[in-house]
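Here are a few friendly notes to read alongside the structure. Keep the 3D view open and find each residue as it comes up.

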Amino acid sequence: MKPNVMAQLILKDWRLQSRLIMLLTLGGAAALAFLPIGGKAIVIGTVFFFVAMIFCACLLPIQNIVNEQKKQTLPFIMSLPVSSARYGAAKLISTTAMFLISWLALLGAALFMILVRHTVPNGALPMGMVLMGFPLIGFCLVTGAALVGESEAWATSALAITNSSYWLVWFILVSRVPSLMQNASGPVAVWSPAVFKILGTEFTIVLVILALTLFLQSRKRSFI
């Protein structure tokens, strides 16, 4: 496939999904406005901040991958000079890039509230970074299932698994690494070896899922 055709597929996805990305990103950023109020408002703002991010992790793969298959736009794409592997690469790049735009924007907003506005103690940084990895992993799982499985059932199953496991994974982490919660209210961020190990594990999982998705997609010989 010519590079400009692949770029056009990526730009097409951005044009279709940019409004969704912007709305969810603005929603997550708006939730941070609750933090300066203090008290229970911090909990409310934090919850809705992550809800917006999880919504983006769920909706973007469905809208950008599954719905394209449901709306029967693949026959048109098959008429273009594009292989199954290149199509999968374009979809993976566009979907991942769009989510990372939202994820990084929200990460930057959260860091601003902690490091500049000081609405939350610096001790919450390690815990926050660990929590930020959950929606990223969930997004990769849903995207991989939607792209490789090529069906709504695969994507829905991945959604159910990821959305029901967030609390369980966090419970296990807090149980095994109690310092995550104990140091969260402190004035200084404590970057313990356990925190670096968790962050490294999350990063590795993300890379493995994306690489495996790209590999499995490259093995296909057709879109059907």
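**Notes on charged pairs, cores and a helix**

1. Let's start with Asp13, which is buried, with a relative accessible area of 2%. Please keep in mind throughout that this is a predicted model.

2. Which side chains does Asp13 meet? One is that of Lys12, in a salt bridge with an N to O distance of 3.0 Å. Lys12 itself is partly exposed, with a relative accessible area of 21%; that value is not under 20%, so Lys12 does not count as buried.

3. The side chain of Lys91 also meets that of Asp13 in a salt bridge, again at 3.0 Å from N to O. This pair links distant parts of the chain, because Lys91 sits in helix α4 and Asp13 in helix α1, 78 residues apart. Lys91 counts as buried, at 2% relative accessibility. Through shared partners, the salt bridges join Lys12, Asp13 and Lys91 into one network. The count of salt bridges in the model comes to two. As background, side chains of opposite charge can pair when their charged atoms come close.

4. Now turn to the nonpolar residues. Which members of the largest nonpolar core touch the most other members? They are Phe49, Phe99, Trp170 and Leu180, out of 43 residues in that core. At least two core residues come from each of these helices: α1 (3-31), α2 (40-70), α4 (84-116), α5 (124-149), α6 (152-176) and α8 (193-218). The largest share, eleven residues, is supplied by α5. In soluble globular proteins, nonpolar side chains tend to be buried together.

5. Leaving aside residues up to four places away in sequence, Leu180 touches Met127, Val130, Trp170, Leu173, Val195 and Ile198. There is also a second, separate core of twelve residues, and its members include Ile62, Val66, Val142 and Ala146.

6. Helix α5 deserves a point of its own. Is α5 mostly covered or mostly uncovered? Mostly covered: 22 of its 26 residues are buried. You can check its length too: at 1.5 Å a residue, the 26 residues of α5 should span 38 Å, and the C-alpha atoms at its ends are 38 Å apart, so the two values agree. If you try this yourself, remember that the expected span uses one less than the number of residues.

7. Glu150 takes a positive phi of about 55 degrees.

Definitions and conventions
Residues are numbered from 1 along each chain as its sequence is written. This is a predicted model: local features need pLDDT of at least 70, side-chain atom pairs count only at pLDDT 80 or more; totals for chains, interfaces and linings use all residues. Side-chain values use heavy atoms; hydrogens and water are left out. A nonpolar core is a set of buried Ala, Val, Leu, Ile, Met, Phe, Trp, Tyr and Cys residues joined through side-chain atoms within 4.5 Å. Buried means under 20% relative accessible area, exposed over 50%, partly exposed in between (1.4 Å probe, protein chains only). Helices (H or I, at least four residues) and strands (E, at least two) are DSSP runs, numbered from the N terminus. Contact means heavy atoms within 4.5 Å. A salt bridge is a side-chain nitrogen of Lys or Arg within 4 Å of a carboxyl oxygen of Asp or Glu.
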